[in-house]
Amino acid sequence: MIKLSNRLAGCEESVTLAITAKARSLKAEGKDIIGFGAGEPDFDTPDNIKEAAIKAINSGQTKYTAVGGINELKDAIVNKFKKDNNLSYGRDEILVSCGGKHSIFNLFQAILNPGDEVIIPAPFWVSYPVMVMLGGGKPKIVRTSEKAGFKMSPDAFSAAITQNTKAVVINSPSNPTGAAYNEAELRELSKIALEKGLLIISDEIYEKLTYDGFHSSSIASISDEVKQNTVVLNGVSKTYSMTGWRIGYAAGPKEIIKAMTNIQSQSTSNPASISQWAAVEAISGSQETLVTMTKEFEKRRNAMVDGLNAIEGVSCIRPQCAFYVFANVSKSLGKRFNEMTIKGSADMANYLLDIAGVAVVPGEPFGDDSFIRLSYATSMKNILNGVERIKKAIGELK
Ligand SMILES: *Cc1c(COP(=O)(O)O)cnc(C)c1O
């Protein structure tokens, strides 16, 4: 047997994908499974975007492109930042990658040296700590509480900083909690980051999936100085139901973007040419389907939040963004079903899948074992049915 790289410590299959796979195979066996595990919108990619891709194929846009993306897409992204965030970037401050995830991976590879620490508020997107470790750095997890809306306080942030701290990850709006910082909170955090000379890594992939009239701001737009010390990450996957197309992007200081582009040039090269043309249309074309989608998500969120809060032993706050509910199941932990004790969130997820036929994601890999993540990127009918099933299953715990 070949000995694998030591860098792989902590690099396991993403649990979110694993539970989706288990639910899928149960479904394939003919079991009636309702999936709340999805990390992607259930809507089809809008027609105008598909047509742009078909046009790209038919007009021969099928060869290598510039490593960091075609100029047309970079320009669309530059315009988006100007229009949505009042941020001015040049083409050389933008990198287009094979999904937002790829941009983030490149970023950690580009900035980290052994021993460098990256502050990650928990609950966090499962990939951040692993990507930091693959870059040779050390994740430094800062717990937040449900009571504080899952947001990191300035004090907790300051307390986590050491002389080895290199960067902080701000994922607003957040996966898995749907929480978002307001402008005043972003200002506070950015002040600390600037004082300590930290790079701010701002993952804004859920920027446009907001409800109740909430507007999500980019931390980079706080001031020019903050912008100089921030790399913004975004992409088309979530906003335009384009998870399979693999287009994400980063915007930030030229030197960092250049280093990330070099890494990309020696690894994947350019993201798919056809997807890039589709993304040009997604970002600069009609935004009508986005409006329809967010209206529908808002209704579903309400149904899911109300349904879950009506269950004895389950509670959740009403998130204003993304398409997830992070539900507190601590009151149901330690209870039993026959011989089985539900000890943590993974037991709970397995129990709900086996007994209720409902797939949820355990909170443990997101950094909090008292919670489960439910995605409402599924039909209203599934939400109502699934919540009813959860209620029955939780009711059977003793
Ligand atoms: C989905 C997601 C991404 C990136 O998704 P891509 O499909 O790679 O663009 C990045 N950050 C968070 C928090 C996500 O949930």
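**A first look at the protein chain**

Trainee: Among contacts between residues at least 6 apart in sequence, what percentage join residues at least 24 apart?
Mentor: Before that, keep in mind that this is a predicted model, where local features need pLDDT of at least 70, side-chain atom pairs count only at pLDDT 80 or more, and totals for chains, interfaces and linings use all residues. Residues are numbered from 1 along each chain as its sequence is written, and side-chain values use heavy atoms, with hydrogens and water left out. Contact here means heavy atoms within 4.5 Å. For contacts between residues at least 6 apart, the share joining residues at least 24 apart is 73%.

Trainee: How many helices and strands does the protein chain have?
Mentor: These are DSSP runs numbered from the N terminus, with helices being H or I over at least four residues and strands being E over at least two. The count for the protein chain is 13 helices and 14 strands.

Trainee: What is the radius of gyration of the protein chain?
Mentor: It's taken over C-alpha atoms, and the globule rule to hold it against is 2.2 Å times the number of residues to the power 0.38. For 398 residues that rule gives 21 Å, and the chain comes close to it, so it is as compact as a globular protein of that length. The chain's own value is 21 Å.

Trainee: Is Asn171 buried or exposed?
Mentor: Asn171 sits in strand β5, residues 165-171. The cut-offs are under 20% relative accessible area for buried, over 50% for exposed and partly exposed in between (1.4 Å probe, protein chains only). Because its relative accessibility is 11%, Asn171 counts as buried.

Trainee: Which backbone oxygens does the side chain of Asn171 reach at 3.1 Å?
Mentor: Leaving out residues up to four places away in sequence, Asn171 touches Tyr128, Ala179 and Asp203. Its side chain reaches a backbone oxygen at 3.1 Å in Pro173, and another at 3.1 Å in Asp203.

Trainee: Which residues is Asn382 in contact with, leaving aside neighbours within four places in sequence?
Mentor: Asn382 belongs to helix α13, residues 380-395, and is partly exposed at 24% relative accessible area. Asn382 is 348 residues from Ile34 in sequence, yet their C-alpha atoms are 6.3 Å apart. Beyond those close neighbours, Asn382 is in contact with Ile34 and Phe36.

Key:
Polar contact = N/O pair within 3.5 Å; in protein donor to acceptor, adjacent residues only side chain to side chain.
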